[in-house]
Amino acid sequence: MNVTGLRGGSVPALAGVLLLSALIVQATGHSPDSALEAVFRGALADGPALTSTLLATAPLLLVAVGSCLAARAGVFTIGQEGQVLIGCFTGAWFALRLAIDGPLLLVVTLLGAAAGGALWAGLSALMHRWRGVNIVVSTLLMVFVAQQVVAFSVGQAWFLQQSKGDKAVVAPQSNQLPLPARLPSFGEYPSLVVNLGLVLALALTVVSAVVLARTRWGFRLTLTGLSPAAARHSGVRVTRVTSLALVVSGAFSGLAGALMLASPIGTYRLQPGMSAGVGWDGLLVALVARGNPWTCVPVALGFGALRAGGSFLSATGVPFFLVDVIKALVVLALVVRQP
């Protein structure tokens with residue numbers, strides 16, 4: 001297991017980030033000790049806090065591993081946030097519209113979300129292949145389109161808007177997913193609950209790492225990323241490989257959207273903005289992990305702890321946006337020093 005991205009001078013860099021973060025919190029008129037204690041209480045202090053951290057980690061890990069696969073092929077995409085949203089959208093549609101009973105509905109919901117994310121990323125691949133549209137630009141713009149698609153779908157009674165009851169106020173959200181479409185949780189160790197979404201994310205991380213290291217497709221992916229000319233000379237269809245890598249990355253992000261929808265992270269409803277920056281944070285995790293799926297695990301766990309603990313900051317009066325500032329500092333500290 002290679003965790004190269006977290007070795008070397010990472011510890012001094014993180015210590016510097018911690019000191020700088022404390023100074024920023026102090027500058028806003030709040031106590032760094034209280035802020036740190038709030039983050040700890042929200043992320044690591046007990047079973048429920050750890051449960052929240054693990055729930056936040058699962059979708060981050062999926063997005064990050066998918067981004068690693070694309071990066072390994074030399075494809076840099078920044079559309080993960082939109083692909084997560086589309087995964088939420090298609091997953092909700094399958095869960096609410098199909099008359100399927102039992103565990104099969106959950107399987108269909110997950111696969112539908114993955115297909116939605118893959119299709120959304122595939123549109124960028126097609127635009128690049130047919131019209132030469134820059135992938136970075138197209139994937140970014142597709143984020144804004146995805147936001148409008150979701151907002152429209154939950155604003156139309158005939159589409160996915162919440163059903164209207166007697167004298168009920170119709171909200172811009174979908175109905176709750178039926179019970180068979182929700183990811184089950186298990187375990188009391190004590191009060192630590194593990195959701196099936198985390199198991200799924202870890203399993204796909206292992207599969208991705210093995211595929212990259214041990215399979216012909218993984219070799220072609222790496223060769224294409226290192227030298228497209230050499231790959232082409234070796235008979236690799238570079239365009240096909242890069243397009244497929246982008247589509248697979250989108251499928252991972254779409255699946256992350258299903259976890260946002262079908263796990264206790266949210267309310268089991270499709271809502272505008274429910275991706276909550278998971279796509280952006282997952283991209284940062286992949287950046288810090290330097291494209292290594294194994295390294296994504298601890299990094300995603302750290303980001304998950306920040307997301308879970310950040311919600312407790314309001315108890316101390318510290319603005320929540322400072323969590324984003326701290327995350328940005330962590331990424332800069334770990335990325336700038338890399339060769």
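Modeller: A definition to start with. Ala, Val, Leu, Ile, Met, Phe, Trp, Tyr, Cys and Pro count as nonpolar, Asp, Glu, Lys and Arg as charged, and the others, Gly among them, as polar. Also, this is a predicted model.

Biologist: Fine. How many cavities of 30 Å³ or more does the structure hold?

Modeller: Two cavities reach that cut-off.

Biologist: Which residues line the largest cavity?

Modeller: The lining is Leu54, Leu55, Ala58, Pro59, Val193, Val194, Asn195, Gly197, Leu198, Leu259, Ser263 and Ile265. By class, that lining has nine nonpolar residues, three polar and no charged.

Biologist: And which elements supply at least two residues each there?

Modeller: Helix H3 (47–72), strand E2 (194–195) and helix H7 (196–214) do. H3 gives the largest share, four residues.

Biologist: Now the second largest cavity. What lines it?

Modeller: Ala125, His128, Ile135, Thr242, Ser243 and Leu246 line the second largest cavity. Helix H5 (103–131) and helix H10 (238–262) each give two or more residues to that lining. The largest share, three residues, comes from H10.

Biologist: How does the lining of the second largest cavity divide by class?

Modeller: Three residues are nonpolar, three are polar and no residue is charged.

Biologist: Which helices supply at least two residues each to the lining of the largest pocket?

Modeller: Helix H1 (10–27), helix H2 (32–43), helix H12 (293–310) and helix H13 (321–336).

Biologist: How do the residues of that lining divide: nonpolar, polar, charged?

Modeller: In the lining of the largest pocket, 26 are nonpolar, four are polar and no residue is charged.

Biologist: And the second largest pocket, what volume?

Modeller: The second largest pocket has about 350 Å³. Of its 23 lining residues, Ala56, Met260, Ile265, Gly266 and Arg307 are the closest to its centre. H2, H3 and H12 each give two or more residues to the lining of this pocket.

Biologist: Where does the largest share of that lining come from?

Modeller: From H3, with six residues. By class, the lining of the second largest pocket has 13 nonpolar residues, six polar and four charged.

Biologist: So where does Ile265 turn up?

Modeller: Ile265 lines the largest cavity. Ile265 is also among the residues closest to the centre of the second largest pocket.

Biologist: Switching to helix packing. At roughly what angle do the axes of H8 and H10 cross?

Modeller: Roughly 105°, and the axes of helix H8 (residues 216–226) and H10 come within 10 Å. The range for roughly perpendicular is 65 to 115 degrees, so H8 is roughly perpendicular to H10.

Biologist: Which residues make the contact?

Modeller: H8 uses Trp217, Arg220, Leu221 and Thr224, and H10 uses Val238, Val241, Thr242, Leu244 and Ala245. By class, the contact of H8 with H10 has six nonpolar, two polar and one charged residues.

Biologist: What about H7 and H12, at roughly what angle do their axes cross?

Modeller: Roughly 150°, with the axes coming within 8 Å. Angles over 145 degrees count as roughly antiparallel, so H7 and H12 are roughly antiparallel to each other.

Biologist: And the contact residues of that pair?

Modeller: Leu202, Thr205, Val206, Ala209 and Leu212 of H7 meet Pro293, Trp294 and Val297 of H12. This contact of H7 with H12 has seven nonpolar residues, one polar and no charged.

Biologist: Last topic. Where does UniProt place the feature "transmembrane region"?

Modeller: The unreviewed UniProt entry places it at residues 53–71, 83–100, 106–126, 133–159, 192–213, 241–262 and 318–336.

Biologist: How far apart are the end C-alpha atoms of residues 83–100?

Modeller: They lie 25 Å apart, and residues 83–100 are 83% helix and 0% strand. For residues 106–126, the end C-alpha atoms lie 30 Å apart. That span is 100% helix and 0% strand.

Technical notes. Residues numbered from 1 in each chain as written. Predicted model: local features only at pLDDT ≥ 70, side-chain atom pairs only at ≥ 80, totals over all residues. Heavy atoms only, no water. 1 Å grid on protein atoms, 1.4 Å probe; cavity = no way out; pocket = protein on both sides within 12 Å on 5 of 7 lines; lining within 4 Å. Points joined across faces, edges and corners; volume = space filled by probe spheres on them. UniProt positions renumbered as here; feature names shortened; annotations may be inferred. Axes fitted to C-alpha atoms, helices over the stretch in contact; angles between N-to-C directions. Parallel < 35°, antiparallel > 145°, perpendicular 65-115°, else oblique. Contact = heavy atoms within 4.5 Å.
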